[in-house]
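This report concerns the salt bridges of one protein model and a helix within it. Please consult the sequence and the structure shown here while reading.

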Amino acid sequence: MIRRNTRTVTALALLGALALTAGCTSMDNEPSAQRSYDPQPRTHQEVEKEVGDLSSRALDMTQVKGKVTEGGPATYPCGSDEEKKEGLRNVRHVWSVYGVDGDALDKGMQNLAAQLPGNGWKVVKNGPNENTESKRIEVLAVHEQTHTQLEAKRMDGSKGGENLINFAVYSRCFKDTDAK
């Protein structure tokens with residue numbers, strides 16, 4: 001297991017949790033009442049592989065040769081009480097790349113934003129994270145075929161943390177045909 005300082009791990013866990021509490025369709029532009037998505041029946045193994053593959057390709061797009069946190073995609077109940085009641089699930093993969101200097105990470109964010117559209121992603125945001133003091137760049141994107149969402153946030157080590165890019169990649173809600 002990768003040893004990390006407690007503050008960094010806590011910050012990453014909090015960031016991932018906050019990013020995912022918005023539900024399965026947080027980047028869609030339509031109000032939830034107007035969405036016409038009908039969750040499709042799929043196995044969680046199939047969706048975990050899909051999200052893992054998309055995560056791996058996102059790392060490749062950054063062209064950053066750093067260390068990557070351990071762990072892989074995992075299946076969870078979808079966020080709202082109604083979604084949980086219906087037995088809907090989604091797959092999330094929260095991870096980071098770190099261990100290289102800040103310039104390499106900044107360039108990685110630029111590479112990611114430039115490469116996503118040519119790889120089937122619609123970039124929804126590419127700009128400063130206004131909710132942070134450092135205003136570091138964040139990239140939010142939706143995979144046009146699968147509707148998988150990607151959030152990449154450049155985090156700096158100015159407050160005792162580590163320079164890194166934090167990723168949250170997560171699927172739409174689906175009806176798990178092979179529930180655990």
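E50 and R42 form a salt bridge, with their closest N and O atoms 2.8 Å apart; the term denotes a side-chain nitrogen of Lys or Arg within 4 Å of a carboxyl oxygen of Asp or Glu. E50 is buried at a relative accessible area of 19%, where buried means under 20% relative accessible area, exposed over 50%, and partly exposed in between (1.4 Å probe, protein chains only).

The model is predicted: local features need pLDDT of at least 70 and side-chain atom pairs count only at pLDDT 80 or more, while totals for chains, interfaces and linings use all residues. Residues are numbered from 1 along each chain as its sequence is written, and side-chain values use heavy atoms, with hydrogens and water left out.

**Salt bridges**

In total, the structure holds nine salt bridges. Side chains of opposite charge can pair when their charged atoms come close.

Helices (H or I, at least four residues) and strands (E, at least two) are DSSP runs, numbered from the N terminus. R89 counts as buried at 17% relative accessibility, and D176 is also buried, at 13%.

D53 and K49 both lie in helix α2 (residues 44-62), where four residues, about one turn of the helix, separate them. D53 is partly exposed at 30% relative accessibility, whereas K49 is exposed at 54%.

A network of salt bridges links D106, R136, R154 and D156.

**Helix α4**

Helix α4 (residues 102-115) has 14 residues and reaches 20 Å from its first C-alpha to its last. This is close to the expected 20 Å at 1.5 Å a residue, the expected span being 1.5 Å times one less than the number of residues.

The buried residues of α4 are G102, L105, G108, M109, N111, L112 and A113. Among the elements that cover them are α2, β4, β5 (121-128), β6 (137-143), β7 (149-155) and β8 (164-170). Helix α2, which holds D53 and K49, is thus part of this cover.

Conventions. Contact means heavy atoms within 4.5 Å.
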